[in-house]
Amino acid sequence: MALRRFYSVVVLAGGLLGASASTAVSAKDSALTTSGLPVPRYVSLKSDHVNVRAGPTKDNDVAWVYTRSGLPVEITAEFENWRRVRDSEGAEGWVYHSLLSGRRTAVITMKSKDELAPLYDSADQTSAIAARLQAGVVAQVKKCTAGWCHVAGNGFDGWIEQQRLWGVYADEKVD
């Protein structure tokens, strides 16, 4: 009986170690955390003044300040009421949970900063182009399905290929 209990603990520990060693975990496959929500996941900044700290307490120094409300960030860890976030440029730090919003936004990404991303009237490359967006533009994500996302922002509304966005996972469905 004791051997069986020991074996179960070893299997459980091995499974936890294997899960934590994995770096490419999709949000739907990850374990629940302090908040009861999966990690990693995308959220956005609630305020246009968000302190990012070196560690998960107010005793840690402010490393930098985000000054753009609605900017998407990826939560990569949780510790009590603190969330470790990563931005589209790869910078990571700790943010207090109440400064984050579940509202989904995304940043337009392109291979070249001079290249423009076409925004279509419908989720089809043969449909009319509604706008062309620069890299770095932040858009509200309304819906994503089958490799396309319906996005809107200041003066634009349409469909963009999901691969052009940082703030949604590949093939993630957003409703």
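In the predicted model, isoleucine 160 touches Ile108, Ala117, Pro118, Leu119, Gly147, Trp148, Cys149, Val151 and Leu165, leaving aside residues up to four places away in sequence. Isoleucine 160 also belongs to the largest nonpolar core, a set of 16 residues in which Ile108, Val141, Cys149, Val151, Ile160, Leu165 and Val168 touch the most other members. Two or more residues are given to this core by each of strand 8 (105-108), strand 9 (116-120), strand 11 (138-145), strand 12 (148-153) and strand 13 (156-161), and the largest share, 3 residues, comes from strand 11. Another core, of 14 residues, lies apart from this one and includes Val50, Leu71, Val95 and Val138. In soluble globular proteins, nonpolar side chains tend to be buried together.

The side chain of glutamate 74 makes a polar contact, at 2.7 Å, with the side chain of tyrosine 169. Beyond residues up to four places away in sequence, glutamate 74 touches Pro40, Arg41, Tyr42, Arg84, Val85, Arg86, Trp166 and Tyr169.

For the protein as a whole, the secondary structure comes to 1 helix and 14 strands, and 38% of the 175 residues count as buried. Of the contacts with a separation of 6 or more, 52% are accounted for by residues 24 or more positions apart. The accessible surface comes to about 10,500 Å², with 51% of that area belonging to carbon and sulfur atoms.

Conventions
Residues numbered from 1 in each chain as written. Predicted model: local features only at pLDDT ≥ 70, side-chain atom pairs only at ≥ 80, totals over all residues. Heavy atoms only, no water. Core = buried A, V, L, I, M, F, W, Y, C linked by side-chain atoms within 4.5 Å. Buried < 20%, exposed > 50% of the residue type's maximum accessible area, 1.4 Å probe, protein only. Helix = DSSP H or I, 4+ residues; strand = E, 2+ residues; numbered from the N terminus. Contact = heavy atoms within 4.5 Å. Areas by Shrake-Rupley, 256 points an atom, 1.4 Å probe, with all protein chains shown as cover. Polar contact = N/O pair within 3.5 Å; in protein donor to acceptor, adjacent residues only side chain to side chain.
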